[in-house]
Amino acid sequence: MKMKVVIVGAGVVGSSIARVLSMYDNFDIILVEKEPDVGWGASKANTSIIHPGHEEEPNIHPHRAKLCKEGNRLWRQWARELDIPVKWPGELMIFYNSEEEKIARKYIELAKSNNIPGVRIFYQEELRKMEPSINPNAIGAVYAPTAGIISPFEAVIAIVENAVDNGVRLLTETKVEGIKIAEGRVRGVMTNMGFIEADIVINAAGIYSDEISSMAGVDSGFTVRPRRGEYLLFDEDIRIKPERILHTIPTPISKGVYAITTIHGNLMIGPTAEDLSVEAKEDTSTSEIGLEYLWNEAGKLLREPPSRTKVIRTFAGLRPEPPDGHWLIEAYTEPFGFINVAGIRSPGFTSSPALAHHVVNLIKAKYDINLVMKRKWNPHRSDIAKVGHMSLREADKLISENPDYGEIVCYCKTVSKAEILEAIKRMKKIGLKTVTLDGIKFRTGAGLGTCQGSFCRCRIALFISKYMDIPLHKVVVKKKPYGIGEVKELLKTERSE
Amino acid sequence: MIELDYDTIVIGAGPAGLASAIKAKELGLKTVLVENKDILGGIPLQCIHPGFGLQYFKEDLTGTEFIYRLFDKMEKIGVEYLLKAHVYSVELVAHNEKVVNVITPKGIMRLRSKTIVYTVGAREKSIFEINIIGDRPGAGIYTAGEAQTLMDLYGILPGKEIVIVGSGDVGLIMARRFALEGAKVKSVIELMPYPGGTMRNIVQCLQDYSIPLYLSHKAIRIIGNERVEKVVVAKVDENLKPIEKCKFEIPCDTVILAAGLVPNVSMLEKIGMIMDPCTGGPMVNEFLETNVPGIFVAGNALVVNDLVDYVVEQGEQAAEGAFYFVQNNGLPTINWKRVVRGRNIRLIVPHYISGERDIILYARVQKPEKNVLVTIPEIAWKMKLSNVRPAEMIRAKLSKTTLESARFEDKVTVEVNTQ
Amino acid sequence: MNEQEFICIICPSSCTLKAYTKSDGTIKVDGALCPRGIEYAKQEITDPRRIVISVVKVKNGNLPTVSIKTSKPVPKKCITAIMKATASIELEAPVEIGQVIIKDICGSDIVATRRIKKFNFPNKNI
């Protein structure tokens, strides 16, 4: 008899746990997500960094230090297996004066304690050769070669596609409202879509992980506060873009402000770090003060800050901050079967693959389960073939096999009809209840370019309308429909005056 | 891969491209018109309002009727065209040889040509480009062109309580469309102290429907969780900075962004084309040839126009330039004179003239003024105008004879002065 | 004497017109660059008219709507009635430019301004 596992939250943590659990014969896994798609919380609104691990204090945060380093290593394998776009440019933690240099040197010590390879300081001359985009005011930087830049939203999608391929069931638009406990054991979760039976419930609900935790009646006093981080995103064609990851010296509440060139080729500056009240868990609004601060930091980090006319998007994400930054990872015996993987703040994304294995080991040890590996577990998943990323010769061949690859729908990012249709297919395959425009955006890149969708959104909505057989105005953007009705809607219902 | 040869490739089959391809074919050039959508026509297909063709056809047509006239002309002349054909990149081989790489459902096409006419039009500014912050609800935010496509091509109503940001013509036209279909247009917000669109549209679109226009106001932030719920607006000072005390909220379910168009020229920048920061488009000579020999630009990709008649005129001029280029294996060396912006001129096209032929100048003023003279002091030319407004493009035809004395100058200055 | 100021909307010149209505009812107009402007000002005072534009639903066409306009300017007060009339129409493709959609409403016809071809919708399966 397989153990029924419900994982609450299909962010990077929940989906990684689902993937790793799916390697074993022992479990029937349901991944439950309240949003219409996966990875829509902090997993899609972060700095995209795979951290080396030299910024974690092993004495204060042993989990974070160990799992960050291990996660950094595992992501190389996961990115290859799951065909996730990633690059490994290394990072430079920049200091501008001798006080900052003293702080920077502490990170060399931390790198040694954590056994992080290759961390060292470069000074002015060498620094400029390593990274010509750096501001000349920088006197030096701590270089960590194992840092990477990933596409965070594509990563979560890839992990979930692979997990579903290996037997995990995904339920979206499903919100956990209570946990049923009887005779000291977990029985299941109550959701807006009904009761789901479970022997094990794993809380990976990110910013709401405190609410799920209190449903199980454990660790009272555990609260997760939203820490907002705002970002500036720029057009691909600006002149000065860093090749390596650049960031300022970390503060007590953040890893510093970063300037990176994303895997998609856009300069991104951020994040800010602003603690919001517990009630503000849906507040991803940007602010004048936050964005102005980032413009300042951009000027600090880069030799030539980008022009204000080159901003293509500003956004904010909420990081889940647990008390004192301590991750709450625990498999409880009271109630038996409830597992907290809560308050997974930075380096959460980096740690996820390692964290997932850690959770499985915790289940094995705490619940005395004899884990049996599946004989047939598929580690591989391929990304949608993208005509815009190929050479002309490769594109020609692809188009001869499928002419829909030759019909370009998103001009800014050269995304074809075939990719849009494939994205719709994949969304249906993993079990999404609603195919959203944002879901297509994150899977294909359509709408992420200069025009931010003003040309292509309508055309993509037409595809969804056609292939999902719903009226155009009912196509959903994120959560609400694209239009409110047919154009004559108001005239038909208007009372005569 | 399919490889074909042409004298002229016209990229973009809106009115500029259609007119250009028709003229090129009429002049005997081996021409192909390349369009990435599955229909020709561009933006006028969704412009159901009149105001098109007053000069070109001497009739007041809707955008739709206008474009069908061009289609009919095209059919008669037999212009070759490709649909679902997306120009991916342009390679410069020699001054009279370019390769255009096109992605089509039939495969990659490499089109070799002596000249290119680039008529892809402009794109709309996004909410982030105009620095509106706050929430990013998935539903309720549209650019004006997007709203127009939804309503007037696909018959969808975007929303029912509308705030329009920007009083350019596109925004004003959409204000009227929403009002006609029964939606409530709460206001039009304009940053400048004067409207961005033509006066005729202020009357027909706003005054007719009692839609308030808030001049010297800025939309600052959007509030809304899953759909737009409110816009925060503030009055601005002389430096266009929001005045804290004059902030207020307008409840609405839809924000329409009509904050301006930007020529779509990123592909050209990649091949080293020089842009004019005033127009956002390439710098051109009187043939509408850019600094890259044999590449001509017309229509909204060159400069944002108000009238389709000018767009078509520019398209034809570009085709004539391409013809001259092909005939002479390159435009002959000419002693170009720089056209300099004088008093109260915000932008002017073309940027270089020869003084050897008739030309048409297109310009916009910086500030509105009444009873002015547009002059070119170097050649003692002047034109009287009772009203000049930034939203209303000035078009001036100058004959070869008028330009005679310019041939001895290095530059000509176009300026606006009160009479 | 009653003085009113208008901006003429006949053409892009957008002349500022000053109209003086005399006690005997005659109207004098200043500021027009052409006779159409004078006519416009007089019309605006006595019986303001507009061309009305909209779209109506089309079935089985290459687009789901056809754009329409009134063939002549109609009295401003008729605009609502005309818009209501467009609300319940559903045409069958094809539609030709100039095709009369509604005959004789408020003194004008409503005509199509876009060509819609008949279109057969292919299979929906991906």
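One caution before we start. This is a predicted model. Please keep that in mind throughout.

Let's begin where chain B meets chain A. On the chain B side, 44 residues take part, and they touch 50 residues of chain A. Which elements of chain B supply at least two residues each? There are several strands: β6 (86-94), β7 (97-104), β8 (107-118), β9 (122-124), β10 (133-134) and β12 (156-157). Two helices of chain B join them, α3 (144-152) and α6 (266-269). The top contributor on this side is α3(B), with 5 residues.

Strand β24 of chain A, residues 485-486, runs antiparallel to β12(B), and 2 bridges join them. Look for Gly485(A). Its bridge partner in β12(B) is Leu157(B).

Now chain C against chain A. How many residues does each chain bring? Chain C gives 6, and chain A gives 10. Helix α2 of chain C, residues 79-87, provides the largest share of the chain C side, 3 residues. By class, that side of chain C has 4 nonpolar and 2 charged residues, and no polar ones.

On to helices. Two packed helices are described by the angle between their axes and the distance between the axes. In chain A, take α1 (residues 12-21) and α5 (residues 152-165). Their axes come within 9 Å and cross at roughly 30°. Angles under 35 degrees count as roughly parallel, so α1(A) and α5(A) are roughly parallel to each other. Their crossing is left-handed. Who makes the contact? From α1(A), we have Val12(A), Ser15(A), Ser16(A), Ala18(A) and Arg19(A). From α5(A), we have Ala155(A), Val156(A), Ile159(A), Val160(A), Asn162(A) and Ala163(A). By class, this contact has 7 nonpolar, 3 polar and 1 charged residues.

Some backbone details now. The peptide bond from Gly270(A) to Pro271(A) is cis, with omega near 0°. Pro271(A) is in the loop between β17 (267-270) and β18 (274-275) of chain A. Chain B has a cis bond too, joining Val349(B) and Pro350(B), with omega about 0°. Pro350(B) lies in the loop between β23 (345-349) and β24 (352-353) of chain B. Then there is Asn115(A). Its phi is near 60°, a positive value in a residue other than glycine. Asn115(A) is found in the loop between α3 (98-114) and β6 (120-123) of chain A.

Last, the domains of chain C. Domain 1 covers 2-46, and domain 2 covers 53-112. Taken over C-alpha atoms, the centres of these two domains of chain C are 30 Å apart.

That's my tour. Over to you.

How values were computed:
Residues are numbered from 1 along each chain as its sequence is written. Chains are lettered from A and ligands numbered from 1 in the order in which they are written. This is a predicted model: local features need pLDDT of at least 70, side-chain atom pairs count only at pLDDT 80 or more; totals for chains, interfaces and linings use all residues. Domain bounds come from an automatic or database domain assignment. Two residues are in contact if their C-beta atoms, placed from the backbone, lie within 7 Å. Helices (H or I, at least four residues) and strands (E, at least two) are DSSP runs, numbered from the N terminus. Two strands pair if DSSP finds at least two bridges between them. Axes are lines fitted to C-alpha atoms, for helices over the stretch in contact, and angles run from 0 to 180 degrees between N-to-C directions. Angles under 35 degrees count as roughly parallel, over 145 as roughly antiparallel, 65 to 115 as roughly perpendicular and the rest as oblique. A crossing is left-handed if the near helix is turned anticlockwise from the far one by less than a right angle, and right-handed if clockwise. Ala, Val, Leu, Ile, Met, Phe, Trp, Tyr, Cys and Pro count as nonpolar, Asp, Glu, Lys and Arg as charged, and the others, Gly among them, as polar.
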